[in-house]
Amino acid sequence: MRIEEDCIGKLAIDEDVLYGIHTTRALTNFPISTERTDPLLFKSLIIIKKAAAQVNAAAGTLDVRKSRAIVAACNSLLMGEHQDALVAPAIQGSAGTSVNMNVNEVVANLASAELKTIRVHPNDDVNQSQSTNDTYPTAGKMAALQALPPLKQALTFLIKTLDAKAHEFADVVKVGRTQLQDAVPTTYGHSFHAYASLFRRDLARLTRTAADLQAVNLGGTAIGTGLNASPYYRSHIIRQVNQLIDLQLKPAEDFIDATQNCDVLVAFSGAMKGLATDLSKVANDLRLLSSGPQAGLNELHLPAKQAGSSIMPGKVNPVIPEVVNQIAFQVIGQDVTISMAAEAGQLELNAFEPIIFRDLLQGERYLARGIATLTSNCVAGLTVNREQCETAVHHSAISATVLSPYLGYEATARLIQHSMKQHVAIPDLLRSEHKLSAAMIARLFSPMVMTNQETVPDLSIAEK
């Protein structure tokens, strides 16, 4: 054991661990879950420490030997070494100080071991020109930006797959439904194109709100004024971070504002919530349209992925849409947490960024993985039950709406009642009663006319 001391007092620490007294206290104080701080946030903090050591050395405020040792320590961590030393809990008090100090202590101990006779101090050297209040929120934004490409890639692939399905099913007429009741006909081409349009807007919102995450307060230290950071450091640190990782970070217009307020994180979370809401809505549609098969709508056939029951042989459930629903519930709930955490910030600092970044990063990963499985394990392989759709359209009273301009409202209503009572398809009833010519019936009940993509001329002209 070794003895370390801080403003609270002395503490015995296992000699073998790379972290120090602050991290040890955090592990005792925050036994909320076994979940560590997100690896991307740790990675981003380490990049900041590396950049800070380089800039401070160039400014002449940090010994060059210490700077090189800090950079070497950061490189080893970025290579994946000593990951067992990065243990700060994801949910914690003190606005991320435990995470920042965990990195400071590990880097300092690794750098000191390399220099042997020179001690590198976690605060004076590794944390020079910095505060948790500018490094932690910057690292959190960097992590969110790094987690975004897989989500955008998954969403883009879903959009392309939906567009392909729209083309594949462009000629399949189905009964439209409003308020779960029959409505005028549409096509599955229209339905899948509408889904693709919906997710295009989600992708645009994610891209737009993510751009605001690039504005950071790094160099603002405690409250945005830059106290204890050299002018050279303040003017060069963001540029140096961008050289180490190309995230196109830029200085916030108002560092004090950027230190106090988390509205850009709320906006980004809101875009994720919107995407989650839309995913859940589409998943609901897929489950409903594939319901049955005997006693449901049975219009879509989803790929069978696993047995659905331990007691009912042959039962197959829509497990992929179901898991997407649950992911959506989680992300929507996390947006509430993020909103409350942002609102609860007081005066010069928001102390609740740990839960904000924990939920943002988890939400990004959940959505990326959920969308990927929805696309590859469900949407790409689904098919339409063309026969069921055609039968439903021809027996639907609402589909007879197309007849009103030609037979009149009352005559059409009587025809619908007769069809429903006799369980006879309306086109067949029209043919048997010789109300319209076979050519006109075929024209009126064609996919293009029923979905209003083509119009029929006046009856007197059409019948000639």
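Biologist: Is Thr451 buried or exposed?

Modeller: Thr451 has 10% relative accessibility and therefore counts as buried, where buried means under 20% relative accessible area, exposed means over 50% and partly exposed is in between, with a 1.4 Å probe and protein chains only. Please keep in mind that this is a predicted model, in which local features need pLDDT of at least 70 and side-chain atom pairs count only at pLDDT 80 or more, while totals for chains, interfaces and linings use all residues. Residues are numbered from 1 along each chain as its sequence is written, and side-chain values use heavy atoms, with hydrogens and water left out.

Biologist: Where does Thr451 lie, and which residues does it contact?

Modeller: Thr451 lies in the loop between helix 18 (447-450) and helix 19 (459-462); helices here are DSSP runs of H or I with at least four residues, strands are runs of E with at least two, and both are numbered from the N terminus. Leaving aside neighbours within four places in sequence, Thr451 is in contact with Pro185, Thr186, Thr187 and His190, contact meaning heavy atoms within 4.5 Å.

Biologist: Which side chain makes a polar contact with the side chain of Thr451?

Modeller: That is Gln453, whose side chain is joined to the side chain of Thr451 by a polar contact of 2.7 Å. A polar contact is a pair of N or O atoms within 3.5 Å; within protein, one must be able to donate a hydrogen and the other to accept it, and residues adjacent in sequence count only if both atoms are side-chain atoms.

Biologist: Switching to Thr37, where is that one found?

Modeller: Thr37 is found in the loop between helix 1 (21-29) and helix 2 (39-59), and with 6% relative accessibility it counts as buried. A polar atom of the Thr37 side chain lies 3.1 Å from the backbone oxygen of Pro89. Beyond the neighbours within four places in sequence, the contacts of Thr37 are Phe42, Ala88, Pro89, Ala90, Gln92 and Val99.

Biologist: How does helix 2 cross helix 6?

Modeller: The axes of helix 2 and helix 6 (residues 132-168) come within 8 Å and cross at roughly 125°, the axes being lines fitted to C-alpha atoms, for helices over the stretch in contact, with angles running from 0 to 180 degrees between N-to-C directions. That makes helix 2 oblique to helix 6, because angles under 35 degrees count as roughly parallel, over 145 as roughly antiparallel, 65 to 115 as roughly perpendicular and the rest as oblique.

Biologist: Which residues meet there?

Modeller: From helix 2 they are Leu40, Leu41, Lys43, Ser44, Leu45, Ile47, Ile48 and Lys49, and from helix 6 they are Thr135, Tyr136, Thr138, Ala139, Gly140, Met142, Ala143, Gln146 and Ala147. The residues of this contact of helix 2 with helix 6 divide into ten nonpolar, five polar and two charged; Ala, Val, Leu, Ile, Met, Phe, Trp, Tyr, Cys and Pro count as nonpolar, Asp, Glu, Lys and Arg as charged, and the others, Gly among them, as polar.

Biologist: What does Leu361 touch?

Modeller: Not counting residues up to four places away in sequence, Leu361 touches Asp38, Ala143, Ala144 and Ala147. Leu361 lies in helix 12 (residues 353-377) and, at 1% relative accessibility, counts as buried.

Biologist: And how do helix 10 and helix 11 cross?

Modeller: The axes of helix 10 (263-289) and helix 11 (residues 319-343) come within 8 Å and cross at roughly 155°, and the two helices are therefore roughly antiparallel to each other. By class, the contact of helix 10 with helix 11 has 15 nonpolar, seven polar and four charged residues.

Biologist: Now the backbone: which peptide bond is cis?

Modeller: The bond from Gly292 to Pro293 is cis, with omega near 10°, and Pro293 is found in the loop between helix 10 and strand 7 (300-301).

Biologist: What is phi of Ser129, and what is phi of Gln179?

Modeller: Phi of Ser129 is near 70°, a positive value in a residue other than glycine, and phi of Gln179, also a residue other than glycine, is positive too, near 55°. Ser129 is buried, with a relative accessible area of 7%, whereas Gln179 is exposed, with a relative accessible area of 74%. Gln179 lies in the loop between strand 3 (173-178) and strand 4 (181-187), and Ser129 is found in the loop between helix 5 (122-126) and helix 6.
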